[in-house]
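Please open the model in your viewer and keep the selection panel at hand.

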Amino acid sequence: MLASRKKGIDYWLPKLVVSPTLVIALVFFYGFVLWTTFISFTNSSFLPSYELVGFDQYVRLFMNPRWLNAMWNLVVFGVLFIGICMVVGLVMAILLDQNIRAEGAIRTIYLYPMALSFIVTGTVWKWLLNPTVGIEKFVISLGWDSFVFDWIIDPDMAIYTVVIAGVWQASGFVMAIFLAGLRGIDTSIIKAAQLDGANLFAVYTRIIIPSMRPVFFSAFIMLAHIAIKSFDLVIALTGGGPGNSTDVPAIFMYQFSFQRGQLGIGAASAVIMLMTVLAILVPYLYSELRTPKNG
Amino acid sequence: MAELKIDNVYKSFGEEHILKGISLDVTDGEFIILVGPSGCGKSTLLNCIAGLEDVTTGDILLGDTNVTYEAPKDRDIAMVFQSYALYPNMNVRKNIAFGLEIRKMPKAEIAEEVARVAKLLQIEPLLDRKPSQLSGGQRQRVAMGRALARRPKIYLFDEPLSNLDAKLRVEMRTEMKKLHQRLGTTIVYVTHDQIEAMTLADRIAVMKGGIVQQFGTPQEVYDDPANMFVAGFMGSPSMNFLRCEVTKQEKDYAVQIESQGTIFQLPVDPKQADLSSYVGKTVVLGIRPEQITHVMPHLVAEQYITQVPVKIEVTEPTGADTLILARINDQECECRVHPQEAGKVGESMELLFNMSKAVFFDEQTEARL
Ligand SMILES: Nc1ncnc2c1ncn2[C@@H]1O[C@H](COP(=O)(O)OP(=O)(O)OP(=O)(O)O)[C@@H](O)[C@H]1O
Ligand SMILES: [Mg+2]
């Protein structure tokens, strides 16, 4: 009797504990995803309306040059951010992997930026990149009078400052992932390759890096979704400016939904962003969940 | 092809002293087997020879060159690792070909070589698989293949056959021997298998605690062990060690044993040991199970053979022979008899103790007398 009651509690308690979270997740996450998707097919403007207009909002969205600009910025930012983070992270991880002294301290230093919020990163870099108080001023004060570094106020270059700040923040994290991957490789494999005559470069390019494919994939997925959702960093660093030159989809969505009273277009852009994330995530999850892990 | 000279090599990991003055002279083309209990430093020694671990002090010479400070890739050594160390991202074919590609062998020759090795090791059907899709024994053969595809100055094998089934192991053992006869390359080979050690080796190095206890031909190590450790380690079932007192006979010496309440004097062959200074003291008699047999009439009269009745405590049939556990001097003693001659447990049985190959050790130092 006691045993069966105990079993009953064991059975119900976990379900009871997670159920509020589950309800909240269902309502506020999936519920609002569905609601937003629905709104994107209505003619909502300031307030939600429930009159269906088909794909009109999507057509208007893709006719809007600001959206196209935001998408293009996302491509530029995404490619550079992911690419540079991966390369920098990998190089740092390989260097750290050479059994250097004070590795723990260095690793912590590189990892710290990840602990900051993007708002802090954005604000700090806004000052650093500001020509009148930051790096440019500093170098000029050192005596190099003609030095110019004003990307942040140059509409053509401002998007690259977002890349710089993003890389600064995320590459330490990527390094940590790669380092864990490198450490997971049996050292006798490296020894075997050395005996086979491979130099250090060949050991890394022919064996270690190729066998870290899952690690690369994880890093890529994480960086990609940081890139697509990038909102706070851009807001803090450039506020989308100068002009609209550093607009990204998240900012576009926020402004159209909540500032310009075009809820329908905003919802449509949100759905497009969701689709982009899914397009990356689904194949990943599919391949990860389908193939059983084998070492 | 080269001779290998290991000169007084010490290796420590921090405060942990693993190799304590290893010296081995291996002549060109010799097949050397390293044996010793787990953790005695065999793999560490191989790693030092390959250059994968730096020696703390001492020198390693390959041919005429001192390679102590050379990088592994410049030493031209091929090694099979205890943990296989296959490249996880490459299939079997690529694994075997990698070392050849790095050394810039032409493509056609590589393919030929891979095919040859795959046939030798019976891994042809596996060539397109990844290491993660192989069993332990298959991985081990791929690891062998990777080494055998090359023609290095020296092969180092770290328990290369330990994971194979009994039949394949015997086949591979024969292949190893043929291969060595054909190529004549110097080989250093670690194994825990007594038969492998005895059949393959030109010379065996028995290690314990980072020290080479004895380095000699299989027969020397077997018949003429340097100390009690070597005597007990080599041979299966292992040598019996019986503590017994030395007595003086008319002109020779004997050791005294007791079985079922009766005292027997086993004569000591003066060629085997001089026990003059041990009269009245205790020594350890080392006698192999095959030196204690059932009664064979043509042997009874020989000088160093004594007939002793014993009580059978346990019998262990192995097929070819039956092992009998008897109690001598209140110590256990294993004897090897013909299955048909073996008595039943609890019965008494007459056995012949052949002392012509018996060895003696000091009770305290365990050194050979
Ligand atoms: N990198 C290392 N750091 C510290 N100690 C080590 C290291 N590598 C090996 N050892 C120690 O050195 C000793 C010898 O190890 P080794 O691998 O050479 O043994 P082995 O004779 O090959 O044993 P086995 O027969 O089990 O393979 C062990 O006690 C092991 O713990
Ligand atoms: Mg070992």
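Begin with the second largest cavity, which holds about 40 Å³ of space; a cavity here is a set of points, on a 1 Å grid over the protein atoms alone, where a 1.4 Å probe fits but cannot get out, and its lining residues have an atom within 4 Å of a point. Grid points are joined across faces, edges and corners, and a volume is the space filled by probe spheres set on the points.

Before selecting anything, note that this is a predicted model, in which local features need pLDDT of at least 70 and side-chain atom pairs count only at pLDDT 80 or more, while totals for chains, interfaces and linings use all residues. Residues are numbered from 1 along each chain as its sequence is written, chains are lettered from A and ligands numbered from 1 in the order in which they are written, and side-chain values use heavy atoms, with hydrogens and water left out.

**First stop: a cavity in chain A**

Select Ile221(A), Ala224(A), His225(A), Ile228(A), Val277(A), Ile280(A) and Leu281(A), which line the second largest cavity. The elements that give two or more residues to this lining are α10 (213–229) and α13 (263–290) of chain A, where helices (H or I, at least four residues) and strands (E, at least two) are DSSP runs numbered from the N terminus. The largest share, four residues, comes from α10(A). By class the lining divides into six nonpolar, one polar and no charged residues, with Ala, Val, Leu, Ile, Met, Phe, Trp, Tyr, Cys and Pro counted as nonpolar, Asp, Glu, Lys and Arg as charged, and the others, Gly among them, as polar.

**Second stop: the largest cavity**

The count comes to three cavities of 30 Å³ or more, and the largest has a volume of about 60 Å³. To display its lining, select Ala192(A), Leu195(A) and Asp196(A) together with Ala78(B), Met79(B), Phe81(B), Arg146(B), Ala147(B) and Arg150(B). Elements giving two or more residues to it are α8 (187–195) of chain A, with β6 and α5 (136–148) of chain B. This lining has six nonpolar, no polar and three charged residues.

Now turn to the second largest pocket, with a volume of about 580 Å³; a pocket is an open set of points with protein on both sides within 12 Å along at least five of seven lines. Of its 19 lining residues, Asp97(A), Asn99(A), Thr187(A), Ile190(A) and Gln194(A) lie nearest its centre. Colour α7 (158–183), α8 and α9 of chain A, each of which supplies at least two residues of the lining.

**Last stop: where the chains meet**

Which numbers of residues does each chain bring to the contact? Chain B gives 24 residues and chain A gives 19, contact meaning heavy atoms within 4.5 Å. Between them the chains bury about 1,900 Å², 62% of it on carbon and sulfur atoms; buried area is the accessible area (1.4 Å probe) that two parts lose on being put together, summed over both. In chain B, select Lys73(B), Tyr87(B) and Asn89(B), which lose the most area to chain A, together 25% of what that side buries.

Across this interface the rule finds three salt bridges, each a side-chain nitrogen of Lys or Arg within 4 Å of a carboxyl oxygen of Asp or Glu. To finish, zoom in on Glu101(B) and Arg206(A), whose side chains meet in a salt bridge (2.8 Å, N to O).
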